[in-house]
Amino acid sequence: MGRAKKKTLEQRRCHYCNRLMLESKNSMTREERDRSATVDHMLSKDFGGSNNPYNLVIACARCNNLKANVPYAAFMEFSFTVLRRYPDAPTPVLRRCMMIFIMHLVEVAMKNGREVRQACSLALLRMADELDQHKEDKQ
């Protein structure tokens with residue numbers, strides 16, 4: 001495990017927002033649950049990520065839920081730009097801010113037509129693979 005990950009775990013701070021995390025207990029308020037420690041996959045398992053320790057970070061439940069399947073690099077930009085500046089912002093506000101951030105990323109990407117076509121091609125190939133896998137699973 002890398003030094004940064006060990007430091008985060010020892011200090012019980014979220015990898016993304018840097019808030020102090022709480023230990024999970026049976027009876028917790030919503031805010032306490034949002035601050036409980038979880039394990040997050042930097043590359044989502046949905047996109048081929050593994051449980052290899054190099055693909056895992058310790059994150060609060062709120063950040064883990066916000067990140068969902070957002071690419072790690074994009075979420076880290078959001079983290080440094082928004083989450084670390086406003087660590088106690090309400091989750092609905094952060095979710096809306098995240099949507100705006102992603103929309104702007106897409107807008108920037110759309111200005112580079114070649115990269116957009118490449119991304120669409122990769123998405124179609126991935127979809128075709130998943131459809132084939134789905135058909136095999138049904139048989």
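A crossing of two helices is called left-handed if the near helix is turned anticlockwise from the far one by less than a right angle, and right-handed if clockwise. The model is predicted, so local features need pLDDT of at least 70 and side-chain atom pairs count only at pLDDT 80 or more, while totals for chains, interfaces and linings use all residues. Residues are numbered from 1 along each chain as its sequence is written, and side-chain values use heavy atoms, with hydrogens and water left out.

Select residues 72-83, helix H4, and then residues 91-110, helix H5. Helices here are DSSP runs of H or I with at least four residues, numbered from the N terminus. H4 passes H5 in a right-handed crossing. The contact (heavy atoms within 4.5 Å) involves Ala-74, Phe-75, Glu-77, Phe-78, Val-82 and Leu-83 on H4, and Leu-94, Cys-97, Met-98, Phe-101 and Leu-105 on H5.

Next, select Ala-68, in the loop between helix H3 (61-67) and H4. Ala-68 is not a glycine, yet its phi is positive, near 45 degrees. Its relative accessible area is 45%, so Ala-68 counts as partly exposed (between buried, under 20%, and exposed, over 50%, with a 1.4 Å probe and protein chains only).

Finally, move to Asn-18, in the loop between helix H1 (3-11) and helix H2 (30-34).

Terms used. Axes fitted to C-alpha atoms, helices over the stretch in contact; angles between N-to-C directions. Helix = DSSP H or I, 4+ residues; strand = E, 2+ residues; numbered from the N terminus.
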